[in-house]
Amino acid sequence: MKRIWTRVVASALATVGAMAVLPQSAALAADCPNGYLCLYQDSSWGGNVMLLTGHAPNIGSAFNDKTTAFSNHTDRHWYLFENVDYGGRLLVVIAPWTASANVGKDANDKTTSVWRG
Ligand SMILES: [Ca+2]
C-alpha cells in the first residue's frame, strides 16, 4: 500500500508541479508522506488532501478556503494565510513534525496561501 501511495503522489506532482489535490480515497491514508505538508479538507485528516513542498502564493480554486486539518512531515515551519500572496490574517503557524485534526473555527476553511519557513 505504501508503494501505491508513493506512486500516486509522484504522478500527481509530475502533472501540476509542487501542488496536488488527491481524491478522497488517497486521502484516507492519514499518514502524510515524509517531505510534505499535507492540508486536509475535513477534520481528523479527512476529505481531499493537498500536498505541498514549498511556497504556495495561491493554493488554487480546488483547495481555496477549504483547509480544516494538517499534517506536517517536514523539518520546516509553515504559515497559513487568509489571502493570496501571504496577505490577510496569519491563520496558523505550523511547527515541524506536528499535526492538527482541526485548526479551529477562526482558521477553518480560510487558507488561501502557504509560506514555507
Ligand atoms: Ca481565504
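User: How many helices and strands are there in the chain?
Analyst: There are two helices and eight strands. Both are runs assigned by DSSP and numbered from the N terminus: a helix is H or I over at least four residues, a strand is E over at least two. This is a predicted model, where local features need pLDDT of at least 70, side-chain atom pairs count only at pLDDT 80 or more, and totals for chains, interfaces and linings use all residues. Residues are numbered from 1 along each chain as its sequence is written.

User: And in what order do the elements run from the N terminus?
Analyst: They go α-β-α-β-β-β-β-β-β-β.

User: OK, what's the mean pLDDT of the chain?
Analyst: It's 83, with 74% of the residues at 70 or more. pLDDT is the predictor's confidence in each residue, on a scale from 0 to 100.

User: Where is it below 50?
Analyst: Residues 1–17 are one such stretch, and the model gives them eleven contacts beyond near neighbours in sequence. Residues 25–29 also stay under 50, with nine contacts beyond four places in sequence. A contact here is two residues whose C-beta atoms, placed from the backbone, lie within 7 Å.

User: Switching to sheets. Which strands form the open sheet?
Analyst: Three of them, in the order β6-β5-β8, with antiparallel pairing. Two strands pair if DSSP finds at least two bridges between them. The edge strands, each pairing on one side only, are β6 (87–94) and β8 (113–116).

User: How many bridges join β5 to β6?
Analyst: Five, and β5 covers residues 78–83. Asn83 sits opposite Gly87 of β6.

User: What does β4 pair with, then?
Analyst: β2 is one partner, antiparallel over four bridges, and there Leu37 has Asn72 of β4 as its bridge partner. β7 is another, also antiparallel, over two bridges, with Phe70 opposite Ser100.

User: Which way do the β4 residues point?
Analyst: Ala69 and Ser71 point one way, Phe70 and Asn72 the other, and all are buried. In a regular strand the side chains alternate between the two faces of the sheet. Buried means 20 or more other C-beta atoms lie within 10 Å of the residue's own; 12 or fewer is exposed, in between is partly exposed, and the C-beta atoms are placed from the backbone.

User: How many residues are in the largest nonpolar core?
Analyst: It has 22, and Leu37, Tyr40 and Phe70 are among those with the most contacts inside it. β2 (37–42), β3 (46–52), β4 (69–72) and β5 each supply at least two of its residues. By definition, such a core is a set of buried Ala, Val, Leu, Ile, Met, Phe, Trp, Tyr and Cys residues joined through C-beta atoms within 7 Å. In soluble globular proteins, nonpolar side chains tend to be buried together.

User: What percentage of the whole chain counts as buried?
Analyst: 30% of the 117 residues.

User: Why does Trp45 count as buried?
Analyst: Because 24 other C-beta atoms lie within 10 Å.

User: And Asp109, buried or exposed?
Analyst: Asp109 counts as exposed because it has 12 C-beta neighbours inside 10 Å. Asp109 has a positive phi of about 55 degrees, and its place is in the loop between β7 (99–100) and β8.
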